[in-house]
Amino acid sequence: MQKILVWDWPVRIGHWLLAGAFALAWLTSESEELRLVHVLAGGTVVGIVLFRLLWGFVGTRHARFAGFVRAPGAVVAYLRGVLARRPVHAAGHNPAGALAIVALLVLGLLTGATGWLTYNDSFANLGGEMFEELHEGLATAMLAVAGLHVAGVIVGSLAHRENLVRAMFTGRKFGEAGEAIAGARLWAVPLLLGWAAVCAWWLAR
Amino acid sequence: MKHATLAILATLCAAAAQAATPAELLDGYRAEAARQSAGFQPSAQRGAEFFQHRFGASAKMPSCASCHTDNPAQPGRHVVTDKAIKPLAPAANAGRFTDPAKVEKWFRRNCTEVVGRECSAAEKADFVAFLLGGR
């Protein structure tokens with residue numbers, strides 16, 4: 001095993017931008033003065049999630065859902081392995097991490113959708129009273145899953161003796177040479193950023 | 001599945017039990033204020049002054065009226081986002097001041113930002129009295 005490139009640039013930039021945008025949206029959620037910042041941050045979350053969903057089909061090997069999403073049984077088996085101190089190493093996401101990723105993507109989309117409905121309730125009469133509650137519940141659930149995700153990253157880093165946080169910056173993890181991705185697809189980053197900006201602007205109108 | 005259904009039913013019942021009329025809400029704040037200051041009576045006049053008062057804790061939204069306009073029976077407009085806000089007065093918007101948890105949530109948020117602190121029970125009682133009295 002050696003250090004190989006597994007995460008392309010859109011995965012890495014998207015990850016940290018998503019974390020930052022969600023944190024910003026959470027921190028500005030109580031303020032009316034900062035309402036536009038909140039909505040732009042939320043719109044950025046939605047844009048990144050939509051890009052990631054597409055990237056899960058057309059991205060590089062370890063970015064594809066087919067490459068890392070596993071059945072519940074595989075998640076349980078993986079966690080048992082971690083508990084037994086015999087964790088099965090994955091070049092890309094481990095099965096438990098994959099579960100957190102899917103949950104965060106779904107919650108990001110639903111939180112954004114209910115947020116938009118709340119934001120535009122006054123003129124459209126969409127029933128925002130209900131969506132306001134839903135939006136808050138979904139956002140809290142997303143924060144909880146993000147917390148679990150961070151805890152999982154710490155446990156995974158210790159279990160596999162590799163710094164998974166650093167890997168999300170460098171894109172490099174332990175793996176067989178044949179498991180590496182050929183290129184980091186830097187060209188797709190402007191597409192990600194442009195798309196996220198368009199989504200943020202459009203949703204905040 | 002059965003447990004989930006029961007949980008949802010329990011939540012709905014709890015929500016239904018919490019529903020109140022604006023008058024009941026006002027009475028709750030009046031009673032709370034009276035415990036802190038004997039003989040307290042809500043005043044729509046004080047509520048109106050509070051509604052118009054420029055607290056200055058927020059430069060963009062110095063008073064309640066900044067967004068809700070001088071007439072709470074009219075729709076408001078968010079000074080930052082320019083989004084419409086439904087009328088605050090129950091006479092113009094039947095859903096207002098019927099959910100105690102929601103009322104507390106928005107008093108907490110908006111008082112903290114506009115007044116610069118949490119509002120007292122007396123201020124809330126005056127505020128609701130003003131909104132119920134209309135103009």
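The crossing of α2(A) and α9(A) is right-handed, in what is a predicted model. Helix α2 spans residues 35–58 of chain A and helix α9 spans residues 188–204 of chain A, and the two pack at an angle of about 135° with their axes 7 Å apart. The helices α2(A) and α9(A) are therefore oblique to each other.

**The contact of α2(A) with α9(A)**

- From α2(A), the residues that make the contact include Leu36(A), Val39(A), Gly43(A), Ile48(A) and Phe51(A), while α9(A) contributes, among them, Leu192(A), Trp195(A), Cys199(A) and Leu203(A).
- Sorted by class, this contact has 15 nonpolar residues and four polar ones, with no charged residues.

**Helix α3 of chain B**

- In α3(B), which runs over residues 44–52, Gly47(B), Ala48(B), Phe50(B) and Phe51(B) are buried, and because they cover an arc of only 160° around the axis, they lie on the same side of α3(B).
- The face turned away from that buried side carries Gln45(B), Glu49(B) and Gln52(B), which are exposed.
- Helices α4 (65–68) and α6 (121–132) of chain B are included in what covers the buried residues of α3(B).

**Where chain B touches chain A**

- In the contact between the chains, 13 residues of chain B meet 10 residues of chain A.
- On the side of chain B that touches chain A, β2 (84–85) and α5 (100–115) of chain B each supply at least two residues.
- The residues on that side of chain B divide into four nonpolar, four polar and five charged.

Key
Residues numbered from 1 in each chain as written. Chains lettered and ligands numbered in written order. Predicted model: local features only at pLDDT ≥ 70, side-chain atom pairs only at ≥ 80, totals over all residues. Axes fitted to C-alpha atoms, helices over the stretch in contact; angles between N-to-C directions. Helix = DSSP H or I, 4+ residues; strand = E, 2+ residues; numbered from the N terminus. Parallel < 35°, antiparallel > 145°, perpendicular 65-115°, else oblique. Left-handed = near helix turned anticlockwise from the far one by under 90°. Contact = placed C-beta atoms within 7 Å. Nonpolar A, V, L, I, M, F, W, Y, C, P; charged D, E, K, R; others polar. Buried ≥ 20, exposed ≤ 12 C-beta atoms within 10 Å, placed from the backbone. Arc of directions from axis to C-beta.
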